[in-house]
Amino acid sequence: MINQWFILFCLVYNKDKRGDILSKVLRKYFSAGLSLQIFDYINELFNQDTEVDLNLLLSKFGKDSYVEITKKFKYLQDNSINTEHYEEYIQNLRNEFVKDSIKNFVTSWSNNKDIKETVFVDDIDSLLNDLSGSHQASSLTTAEESLNKFISGIDKDSNTIDGLSTGIEDLDLQLDGLKAEDYYLIAGRPSMGKSGIAGFIAQTNALAGIPTLLFSLEMSDKQIIGRMFTSATLVDTWKFKAARFRNDSENKRIKEYVEKFRQMPLLIDNTADLCVQKMRAIIQKAKVKYPNLGLVCVDYIQKMSGEGDNQNLLVGAISKQFKTIAKQYKIPVVACAQLSRACESRDNKRPELSDLRDSGSLEQDADVVMMLYRDYYYNPNPEHKNICEILIRKFRNGETGKVVVEYDLGTQAFKTIKPNTQLFNLAKKFYYE
């Protein structure tokens with residue numbers, strides 16, 4: 001309780017820091033009673049631009065509270081409380097609140113077994129936020145700070161990128177990498193490679209030492225890691241079950257990547273009934289293991305559960321949260337989405353933004369919308385089997401366009417097409433279709 005009065009004392013006697021203190025102290029840190037009433041009153045006066053002093057408090061709360069207020073403030077004055085140390089007092093108050101919250105949480109849930117799981121997840125999420133203090137981050141930056149962020153990349157080499165790599169050089173140069181706080185949507189019809197590219201991006205970054213969390217609502221962790229391993233080693237899937245067909249070079253690569261995969265900071269979650277609340281709780285858990293979590297990938301949105309009167313509202317609510325998560329944790333969020341069948345009824349079956357299925361929020365919320373198209377799927381020309389078009393249909397901070405890449409179905413690997421090859425010459429025409 002005394003920590004609450006330390007804060008009140010600072011609010012009264014440190015006029016210059018009053019706004020800073022009020023921005024960092026949450027109302028819930030105070031227990032019900034006189035200290036909370038005083039905190040609310042000081043907050044109210046501050047918002048009205050009215051000066052605060054002890055006499056005003058005493059007159060507001062009357063003679064019943066007079067003795068307690070004067071006694072507490074005299075004790076603090078006698079002990080020479082330094083109001084310039086208010087940040088230390090705020091930390092102590094928050095720590096006290098967190099300890100009480102943990103006790104209450106354990107007691108409440110040990111005595112209540114029938115409360116909805118979503119409520120439990122919300123409580124866990126709130127508790128973890130209190131532990132991390134993530135709610136206290138300020139969203140204010142000065143023009144100078146923002147300018148420094150901008151000009152830091154002005155003189156960089158044109159072949160380097162600011163964000164995380166997708167593993168595809170041409171796509172990295174088009175996007176300038178995957179940026180923190182941005183939400184990337186990868187959309188396509190079935191069999192276009194959505195899961196493949198999401199896993200490829202996750203694998204690329206995890207192998208580079210960047211802690212990565214991949215949510216998959218379709219495949220098991222064994223299937224996912226199998227695809228990634230195939231992609232990294234460039235050994236066809238069927239050869240893993242037929243060792244006699246592997247050559248020495250392939251066996252060497254397999255041995256090499258077994259060690260790399262064991263050490264890479266990748267977490268996979270394949271919760272079948274994943275909702276945003278669970279997703280947030282899992283991200284918080286991941287950050288306990290990897291505080292510098294750098295990337296979240298989700299495959300895919302329409303498989304997630306949640307609340308909403310219809311599928312449009314449900315998907316829209318999920319999409320909005322993805323952007324919020326990207327900003328809150330300052331990481332890129334890459335999510336896959338299914339497209340409607342509308343594109344298949346057109347002569348040119350390349351998808352457009354209007355083909356996004358279930359919600360216009362997908363287009364609105366995402367910073368970048370990429371759509372996958374494989375002409376071979378509709379026009380089975382063997383020469384075009386490994387050509388995949390990545391159509392950048394929306395780019396909030398850059399230019400839309402197209403990147404044509406090699407998609408190796410046997411290894412699930414995406415690659416920039418090498419110049420002066422037969423595939424390179426074949427791929428040229430797809431830039432104009």
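Let's start with D78, which is exposed, with a relative accessible area of 53%. In this predicted model, D78 pairs with K74 in a salt bridge whose closest N and O atoms are 3.0 Å apart. Both K74 and D78 belong to helix α4, which covers residues 54–78. They sit four residues apart, about one turn of the helix.

## The overall picture

With that pair in mind, here is the wider setting. The protein has 433 residues, and buried residues make up 46% of them. Its secondary structure comes to 16 helices and nine strands.

R346 is partly exposed, with a relative accessible area of 26%, whereas D355 has 1% relative accessibility and counts as buried, because buried means under 20%.

Another salt bridge brings together the side chains of E389 and K402, at 3.0 Å from N to O. E389 lies in strand β7 (residues 387–395) and K402 in strand β8 (residues 401–408), so this pair ties together parts that are 13 residues apart in sequence. Are E389 and K402 buried or exposed? Both of these residues are buried.

Salt bridges also link up into a network, and its members are D182, K323, D367 and R396.

## Helices α1 and α3

Now for some helix packing. Helix α1 (residues 2–13) and helix α3 (residues 34–47) have axes that come within 10 Å and cross at roughly 25°. Angles under 35 degrees count as roughly parallel, and α1 and α3 are therefore roughly parallel to each other. The crossing of α1 past α3 is left-handed.

Which residues make this contact? On the α1 side they are Q4, W5, L8, L11 and V12. On the α3 side they are L34, S35, I38, F39 and I42. By class, the residues of the contact between α1 and α3 are eight nonpolar and two polar, with no charged ones.

## Helices α9 and α10

From α9, the contact draws on S195, G196, G199, F200, A202, Q203 and L207. From α10 it takes R227, M228, S231 and A232. The contact of α9 with α10 divides into five nonpolar, five polar and one charged residues.

Helix α10 also holds T230, which has 3% relative accessibility and counts as buried. What does T230 touch, leaving aside residues up to four places away in sequence? Its contacts are V235, D236, T237, F240, G410 and T411.

## Residues in the loops

A few loop residues are worth a visit too. I161 lies in the loop between α7 (143–151) and α8 (169–175). With 25% relative accessibility, I161 counts as partly exposed. I161 and Q174 are 13 residues apart in sequence, and their C-alpha atoms are 9.4 Å apart in space.

Next come two backbone angles. K330 is a residue other than glycine with a positive phi, near 55°. You will find K330 in the loop between α13 (311–329) and β5 (333–338). N420, which is not a glycine, has a positive phi of about 60°. N420 has its place in the loop between β9 (413–416) and α16 (422–427). At 75% relative accessibility, N420 counts as exposed.

Notes. Residues numbered from 1 in each chain as written. Predicted model: local features only at pLDDT ≥ 70, side-chain atom pairs only at ≥ 80, totals over all residues. Heavy atoms only, no water. Axes fitted to C-alpha atoms, helices over the stretch in contact; angles between N-to-C directions. Parallel < 35°, antiparallel > 145°, perpendicular 65-115°, else oblique. Left-handed = near helix turned anticlockwise from the far one by under 90°. Contact = heavy atoms within 4.5 Å. Nonpolar A, V, L, I, M, F, W, Y, C, P; charged D, E, K, R; others polar. Salt bridge = Lys/Arg side-chain N within 4 Å of Asp/Glu carboxyl O. Buried < 20%, exposed > 50% of the residue type's maximum accessible area, 1.4 Å probe, protein only.
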